[in-house]
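Thank you all for coming.

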Amino acid sequence: MKIQDLVFMGVLLALMLIKKRKLFILTGLLFLVLAIPLFYFHVFFTAERLTWYAGGMLLIVTLYLL
């Protein structure tokens, strides 16, 4: 497990304790925005992980809304 996974789990845990849907959406979009320059600079592993994290955040928001 890499440091980025631990940071993501910490952010996810904090957001789940706060339970504000807007923060999940903003965090998911932030992860996507951060992934764009990483793809440009060919840091594919981290960029791919950020897209997965963004998808997870948006999936959690969808589940909260249902």
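Let me start with a question: where is lysine 19 found? Lysine 19 is in the loop between α1 and α2, the latter covering residues 21-40, and when I say helix I mean a DSSP run of H or I with at least four residues, numbered from the N terminus.

Before going further, please keep in mind that this is a predicted model, in which local features need pLDDT of at least 70 and side-chain atom pairs count only at pLDDT 80 or more, while totals for chains, interfaces and linings use all residues. Residues are numbered from 1 along each chain as its sequence is written, and side-chain values use heavy atoms, with hydrogens and water left out.

Back to the loops, then. Lysine 19 has a positive phi of about 60° although it is not a glycine, and histidine 42, which sits in the loop between α2 and α3 (44-65), likewise has a positive phi of about 60° without being a glycine. As background, most residues other than glycine have a negative phi. Lysine 19 counts as exposed because its relative accessibility is 60%, and histidine 42 counts as exposed because its value is 57%; here exposed means over 50% relative accessible area, buried means under 20%, and partly exposed lies in between, with a 1.4 Å probe and protein chains only.

Now let us turn to charge. How many salt bridges does the structure hold? It holds one, a salt bridge being a side-chain nitrogen of Lys or Arg within 4 Å of a carboxyl oxygen of Asp or Glu. The partners are aspartate 5 and arginine 49, whose side chains meet at 2.6 Å, N to O. This pair links distant parts of the chain, with aspartate 5 in helix α1 and arginine 49 in helix α3, 44 residues apart.

Is aspartate 5 buried or exposed? Aspartate 5 counts as buried, because its relative accessibility is 10%, whereas arginine 49, at 27%, counts as partly exposed. If we leave aside neighbours within four places in sequence, aspartate 5 is in contact with Arg49 and Tyr53, where contact means heavy atoms within 4.5 Å.

That second partner deserves a look. Tyrosine 53 is found in helix α3 and is buried, with a relative accessible area of 9%. Beyond its neighbours within four places in sequence, tyrosine 53 is in contact with Gln4, Asp5, Phe8 and Phe31. The C-alpha atoms of tyrosine 53 and leucine 29, which are 24 residues apart along the chain, are separated by 10.0 Å.

Next, the interior. In soluble globular proteins, nonpolar side chains tend to be buried together. The largest nonpolar core has 13 residues, and those with the most contacts inside it are Phe8, Leu12, Phe24, Phe31, Leu50, Tyr53 and Met57; such a core is a set of buried Ala, Val, Leu, Ile, Met, Phe, Trp, Tyr and Cys residues joined through side-chain atoms within 4.5 Å. Which elements give two or more residues to this core? They are α1, α2 and α3, and the largest share, seven residues, comes from α3. Phenylalanine 31, leaving aside neighbours within four places in sequence, is in contact with Phe8, Leu50, Tyr53, Ala54 and Met57.

Leucine 38, in helix α2, counts as partly exposed because its relative accessibility is 23%. Not counting residues up to four places away in sequence, leucine 38 touches Val43, Thr46, Ala47 and Leu50, and its C-alpha atom is separated by 9.5 Å from that of leucine 50, 12 residues apart along the chain.

I will finish with methionine 9, which lies in helix α1, residues 3-18, and which counts as partly exposed because its relative accessibility is 44%.
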